[in-house]
Each structure stands twice: as structure tokens, then as C-alpha cells.
Amino acid sequence: KKETNHVLVCNHRSFLDVMITNPFVPSIAKTIAKKSFTKIPILGSIYTWGSVLVDRESTRSRAESFIEMKKVLNNGMDMLLFPEGTRNKTDKPLIAFHPGAFRLAVDTKKEIIPVVIFNTRKILQEDKFYMLPGIVEIHYLPAVSSANISIEDLNKKVFELMWNYYEANC
């Protein structure tokens, strides 16, 4: 829905996910990123400009980033998050979701757009210093309402949608 903005939640299987999601979101969006990413040459300045930064070890930083994400949504942009919190290094489609994205959606009354990313782990493998050729696919699932649902139930609903979609299309 172009007339509204959303909380987008993506699976996270490779470092490549962070680099390819934001440029290919069909709207203006900011992503959540670890503050330590700002130290990466060249990419650090991109993260500083296009992300809400968080020091995950700091309770204060996490609270401040939540406020900043609300501002992003209030300014009409989408907010893109990886609710797994870290890369999924298992053979399962997803690892457990943290509640932050769902709390953000419920608090701001924004719909969630589940986003399933395919093939990034094959292209940029964790133990390699180079990328292999391949095609990344980003699938946007239908919006999920955050109205009249608990944070926990919304988390579970989106997790199951993404898990089932990943398994059916992998």
C-alpha cells in the first residue's frame, strides 16, 4: 500500500542480507544496524546515513533506537528489521524472533510486511572472503495487521508465515 508505511521484517541468513535489502525496498526505508558497523570502511558511512544504529549491549541504546524507529515511521518511512537479531547459522528456515519489531508495529499501529530473502547464504558464505555468482530473491508477503493482537501473537503469526513460505519456496 503506497499510501501508508510499514514495519518490514526480514529473515537473516548472511551478511549480504543487510546490504541488499534497503536498496531494493520499493519505498523509502531505514534499517536497524549494529553501531559497530559504522567502523567498516566505506560501508560505515552508509550505515550511519541509512540506519537506526543500536549498541545491542546497552539498554539505553536499545531504548533510544526504539524511539528513533518510531520517529522514522512517524516521518512516513518504512522501518526494516531483522527480528532474528543475528544471522541464522542453522539449517532451519528461521531462528526465534525477538519481540522488538512486533512491539514497534503494535505501538505505532503499523502493518508488518514479512520479507523472505533467498540465496544470500549461497552467494556470501560465512567462511569465505568472496562472493559466488547467484541470484538473490526478495519476496514480499502480504501485510499483516497489528491491530487487536498481542505482541506475542503477532510475533508467532509472522514467524509461522515466513517459516512456511520459506519451506514451500526454498
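These legends describe close-up views of a predicted model.

**View 1. Confidence across the protein.** Mean pLDDT (the predictor's confidence in each residue, from 0 to 100) is 90, and 99% of residues reach 70 or more. Confidence is lowest in H2, at a mean of 74, and highest in H6, at 98. Helices (H or I, at least four residues) and strands (E, at least two) are DSSP runs, numbered from the N terminus.

**View 2. The two sides of helix H2 (residues 43-50).** Cover for the buried residues includes helix H1 (16-21), strand E2 (29-34) and strand E3 (51-54).

**View 3. The largest nonpolar core.** A nonpolar core is a set of buried Ala, Val, Leu, Ile, Met, Phe, Trp, Tyr and Cys residues joined through side-chain atoms within 4.5 Å. The largest has 28 residues; Val7, Met79 and Ile112 are among those with the most contacts inside it. H6 gives the largest share, five residues. A second, separate core of 17 residues includes Leu16, Tyr47, Ile113 and Leu124.

**View 4. Surroundings of Met69.** Met69 contacts (heavy atoms within 4.5 Å) Ile32, Val52, Met79, Leu81 and Leu104, leaving aside residues up to four places away in sequence.

**Notes.** Residues are numbered from 1 along each chain as its sequence is written, and side-chain values use heavy atoms, without hydrogens or water. Local features need pLDDT of at least 70 and side-chain atom pairs 80 or more, while totals for chains, interfaces and linings use all residues.

Conventions:
Buried < 20%, exposed > 50% of the residue type's maximum accessible area, 1.4 Å probe, protein only.
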